[in-house]
Amino acid sequence: MTDRLHLDDARCADVVLELLSAEEQAQAIAHASACASCAGRLRAHASAHEQSRLIVPRRPRRRLVRLPLFVPVAAAAAAAVVLALWAWPARRAPALATTWLPIPSGDVLWREGQSEDEHLQAGFSAYARHDLARAAREFESARTSEASEQARRLYLGHVRLEQGHTREALTLLRSVDWASLPLAVERDGIALLVRALRANDDKVAADSLERALETSPEWVPVRP
């Protein structure tokens with residue numbers, strides 16, 4: 001990508017407000033998916049816009065803008081792409097359906113100089129096999145921090161939810177710092193939080209998050 005394609009504040013505002021042509025909109029979003037700085041700027045504008053909608057409600061637009069499929073994890077790690085830290089499934093399921101989350105690459109969970117936690121990686125492997133008991137043991141034994149800790153809480157929360165430990169699942173999912181997760185996994189994670197809220201009879205909070213997932217474009221952050 002050349003410098004002229006980088007998204008300044010004005011361009012980000014145009015994207016969020018959907019003021020661009022379809023071609024320009026797609027080009028801007030494609031660039032943000034491959035540029036960490038522009039991704040962060042676009043997310044900030046989208047988040048601010050979503051907050052303003054909570055204060056001054058408006059009729060949602062019917063046209064939704066969808067992010068393109070992300071590049072494979074290896075390429076994403078090499079490019080240090082914030083929005084592509086997790087690989088998108090080849091075909092996305094509905095946001096509120098029971099969904100197994102994609103597995104992140106260890107390369108993007110650890111800062112330079114840090115070593116991978118073997119229990120965390122073993123937990124991801126067990127999760128990919130849907131081995132709930134092994135995944136729970138490994139995630140609980142992992143020693144993590146920052147992004148890897150948020151991933152551990154999210155995936156362990158899902159495991160506990162599938163095991164029927166709904167109260168523990170809700171506690172874990174509520175503790176996740178959603179702003180630190182890429183959108184590729186964030187919305188499916190929020191859908192898991194909706195399930196956990198319903199399982200614990202918190203219908204009001206569950207309905208609110210469910211509406212946010214159903215009515216907002218996929219590139220707009222949804223916060224509990």
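Colleague: Which residue forms a salt bridge with Arg152?

Modeller: This is a predicted model, where local features need pLDDT of at least 70, side-chain atom pairs count only at pLDDT 80 or more, and totals for chains, interfaces and linings use all residues. Residues are numbered from 1 along each chain as its sequence is written, and side-chain values use heavy atoms, with hydrogens and water left out. A salt bridge is a side-chain nitrogen of Lys or Arg within 4 Å of a carboxyl oxygen of Asp or Glu. The closest N and O atoms are 3.0 Å apart, and the partner of Arg152 is Glu149.

Colleague: Which helix holds Arg152 and Glu149?

Modeller: Helices are DSSP runs (H or I, at least four residues), numbered from the N terminus. The two residues are three apart, about one turn, and both lie in helix 7 (residues 146–163).

Colleague: Is Asp207 buried or exposed?

Modeller: Buried means under 20% relative accessible area, exposed over 50%, and partly exposed in between (1.4 Å probe, protein chains only). Lys203, its salt-bridge partner at 2.7 Å, N to O, is exposed at 54%. Asp207 has 17% relative accessibility, so Asp207 counts as buried.

Colleague: Which residues are linked in a network of salt bridges with Lys203 and Asp207?

Modeller: Lys203 and Asp207 lie four residues apart in helix 10 (residues 203–215). The network also links Arg198 and Glu210.

Colleague: What is the relative accessibility of Arg187?

Modeller: Arg187 sits in helix 9 (residues 183–199). Its contacts (heavy atoms within 4.5 Å) include Leu213 and Glu218, not counting residues up to four places away in sequence. Arg187 counts as buried, because its relative accessibility is 3%.
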